[in-house]
Amino acid sequence: MRLPFPTFSTSQRSQQHIAEVIETATTEYLAQCLEPEDLSFPVMPAFGSWVKSKDEESGNQVYGVVYHATTSPIDSVHRARALGLTLEELREQQPQIFAMLKTEFRVAIVGFESMNPERSQPGKIYQYIPPRPPQIHQAVYECQPDEIVNFSQELDFLRTLLDVSHAPVDSLVAAAVREIYQLRKLDRAWLIEAGRTLSILLKDDYDRLRIILKQIHP
């Protein structure tokens, strides 16, 4: 059976509303993708993609980067097994499979936007860990391009990404920066500044810096 998510149809939520917080900590949180209404798997957010969730107590909009994602059975006792079927054949012959799987992803928190008393105006961006993370059952949204561009005016978030544990950090930094670089329409001046910042943070480890930059701009 499906996990008891709030009973609303996908037509009642925005396309950016992709998941819900199911485990939370000071520096990161775990989210579970909302189930689609049709027989298909939830769309797994890309490695290094940007998401946001709100701490309703403070009103802070918390920004983060996806660094790990999994699809696994809801029942932790029984593992999935190979069936040798295409997705279309699964829909026809084993439709229950789609209700027995869950897609989860982990998010490294990189900063937040404080609530502006004038709600029509954007708040102030802070690129450090917020006083508290999003709470359990808060909605998780994909960030809009203009939000990512606005957040990346400063580059202090790179230090936070380099300190993420249990992740391929160099690839994570490259993926996050690569998305910003594309959204900034290949702004080379911004990329050069990001490279300089990484060089300082990596303490002149040029081999590691080269690998990161090569993944950003092959």
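Val 173, Val 177, Ile 180 and Tyr 181 of helix H4 touch Arg 188, Trp 190, Leu 191 and Leu 198 of helix H5. This is a predicted model. By class, the H4 and H5 contact holds 7 nonpolar residues, 1 charged residue and no polar ones.

The geometry of this pair comes next. The H4 and H5 axes come within 10 Å and cross at roughly 160 degrees. Angles over 145 degrees count as roughly antiparallel, so H4 is roughly antiparallel to H5. The crossing of H4 and H5 is right-handed. Helix H5 covers residues 188-201.

Helix H4 also packs against helix H6. H4 spans residues 169-183, and H6 spans residues 206-216. The H4 and H6 axes lie 8 Å apart, at an angle of about 40 degrees. H4 and H6 are therefore oblique to each other. Their crossing is right-handed.

On the H4 side, the contact with H6 uses Val 169, Asp 170, Ser 171, Val 173, Ala 174, Val 177, Arg 178 and Tyr 181. On the H6 side, it uses Arg 208, Ile 212, Gln 215 and Ile 216. The residues of this contact divide into 7 nonpolar, 2 polar and 3 charged. Val 173, Val 177 and Tyr 181 of H4 meet H5 and also meet H6.

Here are the two pairs side by side.

| Helix pair | Axis angle | Axis distance | Residue classes in contact |
|---|---|---|---|
| H4 and H5 | roughly 160 degrees | within 10 Å | 7 nonpolar, no polar, 1 charged |
| H4 and H6 | about 40 degrees | 8 Å | 7 nonpolar, 2 polar, 3 charged |

Now the whole chain. The protein has 6 helices and 7 strands. Along the sequence, the order is β-β-β-β-α-β-β-β-α-α-α-α-α. The radius of gyration is 19 Å, close to the 17 Å that the globule rule gives for 218 residues, so the protein is as compact as a globular protein of that length. Its C-alpha atoms fill a box of roughly 55 × 45 × 30 Å along the principal axes.

How much of the protein is buried? Buried residues make up 42% of the 218 residues. Which share of the contacts with a separation of 6 or more comes from residues 24 or more positions apart? Such residues account for 70% of those contacts.

Terms used:
Residues are numbered from 1 along each chain as its sequence is written. This is a predicted model: local features need pLDDT of at least 70, side-chain atom pairs count only at pLDDT 80 or more; totals for chains, interfaces and linings use all residues. Side-chain values use heavy atoms; hydrogens and water are left out. Axes are lines fitted to C-alpha atoms, for helices over the stretch in contact, and angles run from 0 to 180 degrees between N-to-C directions. Helices (H or I, at least four residues) and strands (E, at least two) are DSSP runs, numbered from the N terminus. Angles under 35 degrees count as roughly parallel, over 145 as roughly antiparallel, 65 to 115 as roughly perpendicular and the rest as oblique. A crossing is left-handed if the near helix is turned anticlockwise from the far one by less than a right angle, and right-handed if clockwise. Contact means heavy atoms within 4.5 Å. Ala, Val, Leu, Ile, Met, Phe, Trp, Tyr, Cys and Pro count as nonpolar, Asp, Glu, Lys and Arg as charged, and the others, Gly among them, as polar. The radius of gyration is taken over C-alpha atoms; the globule rule is 2.2 Å times the number of residues to the power 0.38. Buried means under 20% relative accessible area, exposed over 50%, partly exposed in between (1.4 Å probe, protein chains only).
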